[in-house]
Amino acid sequence: MSPYLWLGVWFVMLAASLAAHEAGHVLVGRLYGWGYAGFTMELTGPKVLMGHSSPDRKDWNLGRVALAGPLATLVVCAAFIGLAYLPIEYAWIFGSLA
């Protein structure tokens, strides 16, 4: 395959990694009753707009929602490390994403 095609694969996988990170926040937030208001892409990166309607902060589980994104990124990173060991010419691209 062409090196330019692999560059495209790299960008798609990078976007998938960012999407997995934000989806981790959304999934755990929805589990704890957070409302999902949308998704924005800013210069600093993607952002998920969420909020909780409960006035009691102990219902928010803010730490768990905040930790869900990096944990989802670690899962994707483990997948990239596994793909880096494939016996193909440009497998190092997956290692660079990890």
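## Burial, packing and surface

Me: H25: buried or exposed?
Reply: Buried means under 20% relative accessible area, exposed over 50%, and partly exposed in between, with a 1.4 Å probe and protein chains only. H25 has a relative accessibility of 14%. That is under the cut-off, so H25 is buried.

Me: What kind of model is this?
Reply: Residues are numbered from 1 along each chain as its sequence is written, and side-chain values use heavy atoms, with hydrogens and water left out. Local features need pLDDT of at least 70, side-chain atom pairs count only at pLDDT 80 or more, and totals for chains, interfaces and linings use all residues, as this model is predicted.

Me: Which residues does H25 touch, beyond four places in sequence?
Reply: H25 sits in helix α1; helices are DSSP runs of H or I with at least four residues, strands are runs of E with at least two, and both are numbered from the N terminus. Contact means heavy atoms within 4.5 Å. With residues up to four places away left out, the partners of H25 are M50, V65, A66, A68, G69 and P70.

Me: At what angle do α1 and α2 pack?
Reply: Axes are lines fitted to C-alpha atoms, for helices over the stretch in contact, and angles run from 0 to 180 degrees between N-to-C directions. Helix α2 covers residues 62–84, and its axis is 7 Å from that of α1. The contact is made by residues including S17, H25 and G29 of α1 and V65, A66 and F80 of α2. The angle is about 145°.

Me: Which hand does the crossing of α1 and α2 have?
Reply: A crossing is left-handed if the near helix is turned anticlockwise from the far one by less than a right angle, and right-handed if clockwise. Where α1 passes α2, the crossing is right-handed.

Me: Which residues does S17 touch?
Reply: S17 also belongs to α1. Its relative accessible area is 14%, so S17 is buried. Outside four places in sequence, S17 touches T73, V76 and F80.

Me: What relative accessible area does G29 have?
Reply: G29 is another residue of α1. It touches W34, M50 and V65, not counting residues up to four places away. G29 counts as buried because its relative accessible area is 0%.

Me: How far apart are the C-alpha atoms of A66 and V26?
Reply: A66 lies in helix α2. It is partly exposed, at 43% relative accessibility. A66 and V26 are 40 residues apart along the chain, yet their C-alpha atoms are separated by 9.8 Å.

Me: Which residues does A98 contact?
Reply: A98 follows α3 (92–97). At 42% relative accessibility it is partly exposed. Its C-alpha is 21 Å from that of A66. Leaving aside neighbours within four places, A98 contacts C77, F80 and I81.

Me: What phi does N61 have?
Reply: N61 is in the loop between β2 (45–51) and α2. At 21% relative accessibility, it is partly exposed. N61 is not a glycine, yet its phi is positive, about 50°.

Me: Which residues form the nonpolar surface patch?
Reply: Areas come from the Shrake-Rupley method with a 1.4 Å probe, and for residues only the protein chains shown count as cover. L7, in α1 (residues 3–31), is partly exposed at 43%. With about 340 Å² of accessible area together, the patch is formed by L7, F11, L14 and L18.

Note on methods. Patches are made of residues with over 30% relative accessible area and no salt bridge: like charges are joined within 9 Å, nonpolar side chains (Val, Leu, Ile, Met, Phe, Trp, Tyr) within 5 Å. A salt bridge is a side-chain nitrogen of Lys or Arg within 4 Å of a carboxyl oxygen of Asp or Glu.
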